[in-house]
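Please set the sequence and the model side by side before reading on.

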Amino acid sequence: MDTSVSRHEPIPAQAGIGLRAPHLRQVLEQRPGVPWFEVHSENYFAPAGAAVAMLDAVRRDYPLSLHGVGLSLGGSDSLDPQHLQHLKTAIARFAPALVSEHLCWTAAGGQHFHDLLPLPYTEEALRHVSARIVEAQERLGRRLLIENVSSYLEFEHSSIPEWEFLREVAARSGCGILLDVNNIYVSAVNHGFDARRYLEAIPAEAVGEIHLAGHVAKDVEGTPLLIDSHSQPVTAAVWDLYAYALERLGPKPTLIEWDSELPAFAVLQAEAAKAEAHLGARHAAAA
Amino acid sequence: MLPLPELQQKLGQALRGGSPEGLPLRDGGISGARRLQVYRNNHASALREALRAVYPVVERLVGEEFFAVAADAYVAANPSRSGNIQDYGGAVPLFLESYGPAASLPYLGDVAALEWRRLQTAVAPAHAPMDLEALAQVPGDALTDLRFHHQPAARALDSRFPILSIWQFCQQSDPDGELDLDRGSERVLLSRRAEEVEMRLLSPGEYAFLRVLCRGETFEAACRAALTVERGFDVEERFAALVRDEVLTGFYL
């Protein structure tokens, strides 16, 4: 009997975990009851080797989402054909149920910065990034989910609120939205907008996934600045915002992300269990 | 209003030490320059951490502080050219060769080359072993003219320093004893079997033999090169070992 996960089975509206290299072996040995995993696409671009072999094995038992950080969809350099090809190959190999990228730029003038840099929220940028997402989706043959990023600066000439910008990108490009609730919270504090108002502007049917992660607060010249560090448990304020998001959007596949100072896998499972409790309440309310 | 490409170009330069002057950044309680600093730090630390992941033995040899300073110098001189951070850092061996503060550790560049090569070998495409039946059917007088394919992952490195011994010494969690750096040159063969990278020492003859074969020259030329540097080189035994270890994976005339 073939017990492997169907290649087309969607990601369930349950709490998955961002799977990082140090946990791969443990997951393969223990096969924990996690409804789905997400990995960073670029970490599995290699044609062979231990990492891709282990992910093949993970994929046989779990639904998978590929989450990219390096395509620079908001960038002005032309889309890197090699990067797209690697991503396309990874999509063919791992048959992910979801493929996502970020609403940001990561390169300019051929140099890559390996950070998620914010766009100015202007009509010019909106046209540009929407067309790029269309191009990327066409070349990959896949619909993408696009994630809102945390930001620490704003541009003087930004004229569109971020929530409207995100909604409009989805409408114009046909992409889905990966709503990072922690990122909304971080940016809301950093730029002084109302996080709930952001959520209220997002059309539920466009949201294919939610991200949750931890952040840290810095004091800069007496003013708090939140840094999206992915090094902490999700904060209480973000859990509240998440509950509000589920209330508005209905239950959605939700991912716990943790990237630096990675704790034991059990800590991630405990975070996922918290998200699952919120999702359970929403499923019950919907029933 | 700065058009998007110019804005990104200018901000990108500012992330790498350029002036933020003229960038249209909002203040909002915290100055635009201070906000930009968060991104500068993110950029620098992302690339520094990438280098730490690739070069743990170099870091072990020089210590964390020295490594961080050297990494920042490398990052300043070498922008990333790929959206995949795993591609970053290939020029570190060359950089270390001429990095003044590391001049007293002349073996550092070669150790770095071994670390970089290990990673490339770990992810290179898979290969099939040599078809031994086909090889057995090559007539005896044609053998000397054969040329060989090697597994894509396999590489031989040659150093004036005992780089494999240094690498192995640094794998111990609590290295005991001393490593004799004067034990001289080492030649290392890196190859992959299943998902594991294997490293072993090559004799001078083996190294010469393999190098000539990997350049696409004939078996005869490889034998001549090996015997020139190693009088007692056992061609039959060494060749069989390279086939058995799946380093040589095919042949052609």
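## Burial and overall form of chain B

A residue is called buried here if 20 or more other C-beta atoms lie within 10 Å of its own, exposed if 12 or fewer do, and partly exposed in between, with the C-beta atoms placed from the backbone. By that count, 34% of the 253 residues of chain B are buried. The model is a predicted one, in which local features need pLDDT of at least 70 and side-chain atom pairs count only at pLDDT 80 or more, while totals for chains, interfaces and linings use all residues. Residues are numbered from 1 along each chain as its sequence is written, and chains are lettered from A and ligands numbered from 1 in the order in which they are written.

Chain B has eleven helices and five strands, where helices (H or I, at least four residues) and strands (E, at least two) are DSSP runs numbered from the N terminus. Its radius of gyration, taken over C-alpha atoms, is 24 Å, whereas a compact globule of 253 residues would have a value near 18 Å by the rule of 2.2 Å times the number of residues to the power 0.38. Along the principal axes, the C-alpha atoms of chain B fill a box of roughly 80 × 45 × 30 Å.

## Where chain B meets chain A

Two residues are in contact if their C-beta atoms, placed from the backbone, lie within 7 Å; on this basis 39 residues of chain B are in contact with 44 residues of chain A. The elements of chain B that give two or more residues to this side are α1 (4-15), α2 (32-54) and α6 (108-123), and the largest share, ten residues, comes from α2(B).

## The open sheet of chain B

In chain B, three strands form an open antiparallel sheet in the order β2-β3-β4, with strands taken to pair if DSSP finds at least two bridges between them. Because β2 (155-159) and β4 (196-202) of chain B stand at the edges with a single partner strand each, one side of each is left without a neighbour in the sheet. Strand β3 (residues 186-193) of chain B pairs with β4(B) over seven bridges, and R187(B) stands opposite L202(B) in β4(B).

Two helices touch this sheet. α6(B) packs on it, touching β2, β3 and β4 of chain B, and its direction makes about 15° with that of β3(B), while helix α9 (residues 204-214) of chain B lies across β2, β3 and β4 of chain B at about 130° to β2(B); axes are lines fitted to C-alpha atoms, for helices over the stretch in contact, and angles run from 0 to 180 degrees between N-to-C directions.

## A covered strand and the nonpolar cores

In chain A, seven of the seven residues of strand β9 (residues 207-213) are buried. Four bridges join β9(A) in parallel to strand β8 (residues 176-180) of chain A, and four bridges also join β9(A) in parallel to strand β12 (residues 254-257) of chain A. L178(A) has E209(A) as its bridge partner in β9(A), and L212(A) stands opposite I256(A) in β12(A).

A nonpolar core is a set of buried Ala, Val, Leu, Ile, Met, Phe, Trp, Tyr and Cys residues joined through C-beta atoms within 7 Å. The largest has 85 residues, and I146(A), V169(A), I177(A), V181(A), L212(A) and I256(A) touch the most other members. Apart from it lies another core of 49 residues, among them L96(B), L189(B), Y207(B) and A226(B).
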